[in-house]
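Hello,

Here is the model you asked about, with the sequence alongside. Have a look at it first, and then read on for what turned up.

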Amino acid sequence: MIDLTGLETRPAQTWGALRLVPLVRREPIVDLRLHAKVYGDELSVVSLPDRTSYTAYVPHAFVATWSDDDTPAAAYGTQLDRPLRSMPVRTRRKMARRVDRKRLRFLPLHLAVEGFLALHFGGPEIAWEEWSREAISHGLSPRVEDAYIGAEVRGLDDALKVFEIYPGQCGLLLYAADSLACAFVVPHPEDYRTLHPTLVRDMYGELIYDYALFHPAADFPAVIDDSQVSSPADLRAQAERHEREWAEFHDSVMAGRLLRAPARVEEVYRMGRYTLSRFLPGFERKVENHIGETITDEEGRLAYLKTFRLSEAQIRRGHLLSTLAEHGWSMRDTAASLRISEASLGMRLRQAGFGHLLRQDVLDGYRKQVNERTRRTRRDGAASPPA
Amino acid sequence: MDTYADLIECEDVLLFANAAITSTGQREFHSAAGEQRLSLDFLHRYIQGNYPDLYAATLALDINDHNAALIIANLLGQRGGAGDGRLIAWRLGRMSPPRVYRLFQGLRRDGVNNRRTRALIRDWLAGRPDLAFDAVKYRSAVKSAVRHAHLRPAGELGDFLFAPFSRPRYDTPVLEAWRRAHYDKKALYELPYTVAEGFAARHGINRATFLERIAPRLTRLERLRLTESAAGDGVDTQADLAAMPLVRLASYVLSLAADVRERRREELVGALRASAARAAGARAGTWGSVAAVLDDSFSSFGSPVKRRRPLAVALACHYLLEALAGSYRGLWLSRVGDPLRVRPTGPTPLGRRVIDALERRPGLLVIVSDGWDNAPPGLAAEVLRVWRRKLDPEGEVGIVHVNPVFDAGQIEVRRLSTLVPTAGIRDAEDLPALVELARFAEGRTGLGELRAYLAERAAGR
């Protein structure tokens with residue numbers, strides 16, 4: 001469960017197909033702040049407290065110079081304090097010179113997505129003989145998934161530009177055609193202000209891209225029942241009731257799936273009173289599934305959250321992988337639990353793009369078995385058509 | 001009794017008037033320049049096609065120069081000669097000269113050159129107080145206009161425009177100064193600022209020295225515009241803030257950083273009050289109790305080409321209403337108490353603030369907002385509906401919504417509610433007239449009155 005205590009839902013703002021729901025903190029968290037490096041040259045405009053009094057965090061894929069030598073590196077997964085895990089980023093001289101000093105730099109999208117997924121999916125722990133050598137030594141990495149950069153999602157750039165940030169706003173839930181695209185929460189409003197424009201550089205699944213293209217969203221207009229009103233005070237009460245109802249509806253219905261989402265939570269790092277964890281969904285098919293990273297305090301209240309919504313195909317793949325992992329990566333047990341034959345499981349893995357994980361001879365064997373069976377079931381035993 | 005067609009006509013004309021007051025074809029917060037122009041162009045064609053006489057008559061209203069120029073260009077280009085020549089001439093007289101010259105250039109580009117157009121250009125040029133000065137300041141524009149209207153300027157001016165170096169010297173001082181400025185550094189200080197600036201660059205004159213010596217030649221607006229940059233060079237342009245139009249002054253105040261506003265508080269507030277008192281004139285203090293809900297949400301930033309324009313209009317209205325009202329209460333959406341500290345930030349909780357304002361039952365409530373009510377969306381409309389229907393059915397509290405932004409998507413200024421009249425606003429000085437015009441939008445007065453009003457305005461010109 002994701003605990004949104006301390007964050008209040010405010011009325012949404014819509015633009016085209018997108019609905020942006022702001023989350024506001026009455027009291028900002030002051031002892032967890034964005035790493036000063038993220039503010040870069042603009043350090044003077046924000047009032048960061050003394051370095052010793054807060055824990056710093058660095059968002060995933062943020063690029064900065066962390067080491068003494070001058071090479072930039074990207075944070076690999078969201079990190080507390082200082083990126084312990086980072087990937088050096090090699091840029092050609094020409095590119096490096098073009099970089100705007102004031103702009104926040106994040107990894108290019110495809111790298112960010114791959115890294116994110118690699119973090120979430122390990123690989124077979126038991127070296128069953130079916131798995132290829134590569135799968136065992138390197139896990140499922142590099143997992144390549146398709147995602148769209150925010151700038152490609154229709155209207156997102158304008159939606160973020162005309163969005164009116166609330167005072168004290170620390171988070172945003174972004175809906176495309178009323179289906180949750182991503183959730184983003186930070187500890188402090190100033191951090192939010194800094195990172196708000198970077199949402200357009202963020203990654204979104206194919207589903208979001210499609211929804212934004214075809215399904216406009218409408219405002220939920222406020223409705224006041226005038227039979228209940230006999231004085232301005234009643235009017236005010238009605239207005240407040242409307243806002244309360246919206247917040248309840250949003251938290252329980254619109255964001256409900258996300259808040260109930262995490263099926264597996266992996267604690268990654270602990271620092272001071274904060275815990276960084278990553279979560280995976282249950283990979284239930286045909287519903288929303290989000291993967292993400294959270295930072296929570298000792299009482300489990302949310303300080304930082306960043307999610308990525310999986311597409312239908314990704315959910316299917318995730319479902320396969322998680323079932324495999326559940327059964328210790330044993331083909332036989334997994335096939336049994338899915339109530340299919342081992343060979344069809346092999347074929348399903350291949351179709352999901354995991355063919356390279358299985359040893360080539362094993363895969364060939366599976367293919368033959370499946371083909372045999374189709375031939376046998378075909379009338380007059382004709383050969384299967386060429387693939 | 002008005003027919004249905006009359007009502008539609010009345011509504012269309014008001015819609016057009018609102019658009020013509022607010023839209024300048026520039027980028028706004030929610031729409032790009034192209035969308036604005038497209039939308040506006042449609043409206044012009046629609047009104048001109050359906051109500052040609054009313055289209056010409058709207059020139060008498062306080063529409064902005066951009067739209068006035070468009071209307072004049074369309075009228076002149078129209079076959080059969082629609083529109084009252086005197087009204088057009090009167091409107092040209094109120095426009096700034098560069099804009100009129102731009103209009104003439106546009107007519108030339110579009111190939112509009114009928115007898116009426118030529119006569120209009122001739123008369124306008126003849127009415128200029130100092131055409132030689134214009135010829136120096138707007139050289140290519142004057143040349144183009146003269147050529148387009150088939151005129152032969154008398155004496156030196158023709159030579160100056162078409163063969164400037166054919167004479168060894170000019171008798172007109174400003175033309176002679178222009179000739180000498182080519183080689184004499186001293187002569188350029190007798191030229192208008194925009195022309196002198198080019199010569200100064202050519203002679204390599206240091207900016208501080210140039211500003212120091214050109215200062216007496218600056219126009220009123222140039223003084224205001226150059227205040228900050230000249231101060232960097234240690235030059236005081238001596239802008240007379242109190243003499244500025246209210247919205248322009250408000251724009252200037254909003255361009256200053258918070259600490260500068262605080263430091264110069266007395267001077268700025270004094271200037272704003274003086275300008276507002278001038279705009280209020282004899283009406284000062286006659287409006288009874290007035291409340292205003294003023295929009296300082298993030299969208300009041302406008303756009304990079306109209307920086308903080310909606311916010312400046314709100315600030316100007318604040319001071320003007322303060323001057324007009326007997327007792328006044330200004331409510332900013334962000335709940336800042338001090339109008340000098342407003343900045344465009346945060347959402348637009350219009351509904352709540354309207355409740356705050358109505359609670360004390362003022363005589364008049366003025367809402368200055370771009371109409372993007374989003375926290376929560378539609379609450380303001382509901383509040384106004386319930387107020388009008390349930391809490392104040394007699395309409396004791398007059399409510400007017402003035403909107404400084406034209407919404408390209410809806411092809412009108414965004415309304416809050418059908419029960420409350422919405423009027424476009426450009427200059428705060430027009431506010432009293434707009435409150436007057438808003439009567440028509442409320443549906444209590446019909447087309448007959450509207451036509452009479454337009455005729456009266458046109459006759460008064």
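A word on burial before anything else: a residue is called buried if 20 or more other C-beta atoms lie within 10 Å of its own, exposed if 12 or fewer, and partly exposed in between. Please also keep in mind that this is a predicted model.

With that cut-off in hand, take A:Asp178. It has 16 C-beta neighbours inside 10 Å, so A:Asp178 counts as partly exposed. A:Ala177 is partly exposed too, because it has 19 other C-beta atoms within 10 Å. Where do you find A:Asp178? It lies in the loop between S11 and S12 of chain A, and A:Ala177 has its place in the loop between S11 and S12 as well. Most residues other than glycine have a negative phi. A:Ala177, however, has a positive phi near 50°, and A:Asp178 has a positive one near 60°.

The strands around that turn

S11(A) and S12(A) make a hairpin with two residues between them. Their pairing is antiparallel and runs over six bridges, and A:Gly171 has A:Val185 in S12(A) as its bridge partner. S11(A), residues 169–176, is mostly covered, with eight of its eight residues buried. Strand S3 of chain A (residues 18–25) also pairs with S11(A), in the antiparallel sense and over seven bridges. There, A:Val21 is the bridge partner of A:Leu173.

From S12(A) you can walk on to S17(A). Strand S12 (residues 179–185) is joined to S17(A) by two bridges, and the two run antiparallel. How many residues of S17(A) are buried? Eight of its eight are, so to speak, under cover: strand S17 (residues 302–309) is mostly covered. S17(A) is also joined by seven bridges to strand S16 (residues 290–296), again antiparallel, and A:His290 stands opposite A:Arg309. S16(A) and S17(A) form a hairpin with five residues between the strands, where A:Gly300 takes a positive phi near 85°.

Chain A has 13 helices and 17 strands. Of its 387 residues, 37% count as buried. Among the contacts in chain A with a separation of 6 or more, 59% are between residues 24 or more positions apart.

Which part of chain A gives the most to the side that touches chain B? In total, 22 residues of chain A are in contact with 25 residues of chain B. Helix H8 (residues 232–254) of chain A gives the most to that side, with seven residues. The residues on the chain A side divide into 14 nonpolar, two polar and six charged.

The sheet in chain B

Chain B has an open sheet of five strands in the order S4-S1-S5-S6-S9, with parallel pairing. S4 (327–332) and S9 (422–424) stand at the edges, each with a single partner strand, so one side of each is left without a neighbour in the sheet. Neighbouring strands are turned by 20° against each other on average, direction ignored. S1(B), residues 289–294, pairs with S4(B) over six bridges in the parallel sense, and B:Leu294 stands opposite B:Trp332.

Helix H1 (residues 4–22) lies across S6 and S9 of chain B, at about 40° to S9(B). H1(B) has 19 residues and reaches 27 Å from its first C-alpha to its last, close to the 27 Å expected. Its buried residues include B:Cys10, B:Leu14 and B:Phe16. Helix H19 (residues 350–359) lies across S1, S4 and S5 of chain B, running at about 170° to S1(B).

The axes of H15(B) (residues 246–255) and H18(B) (residues 309–324) come within 8 Å and cross at roughly 115°. The crossing is right-handed. Among the residues that meet there are B:Leu246 and B:Leu254 in H15(B), and B:Leu311 and B:Tyr319 in H18(B). The residues of this contact divide into eleven nonpolar, one polar and no charged.

Lastly, a cis peptide bond joins B:Ala375 and B:Pro376, with omega about -10°. B:Pro376 is found in the loop between S5 and helix H20 (379–391) of chain B.

Best wishes

Terms used. Residues numbered from 1 in each chain as written. Chains lettered and ligands numbered in written order. Predicted model: local features only at pLDDT ≥ 70, side-chain atom pairs only at ≥ 80, totals over all residues. Helix = DSSP H or I, 4+ residues; strand = E, 2+ residues; numbered from the N terminus. Contact = placed C-beta atoms within 7 Å. Nonpolar A, V, L, I, M, F, W, Y, C, P; charged D, E, K, R; others polar. Pairing = 2+ DSSP bridges. Axes fitted to C-alpha atoms, helices over the stretch in contact; angles between N-to-C directions. Left-handed = near helix turned anticlockwise from the far one by under 90°. Expected span 1.5 Å × (residues − 1).
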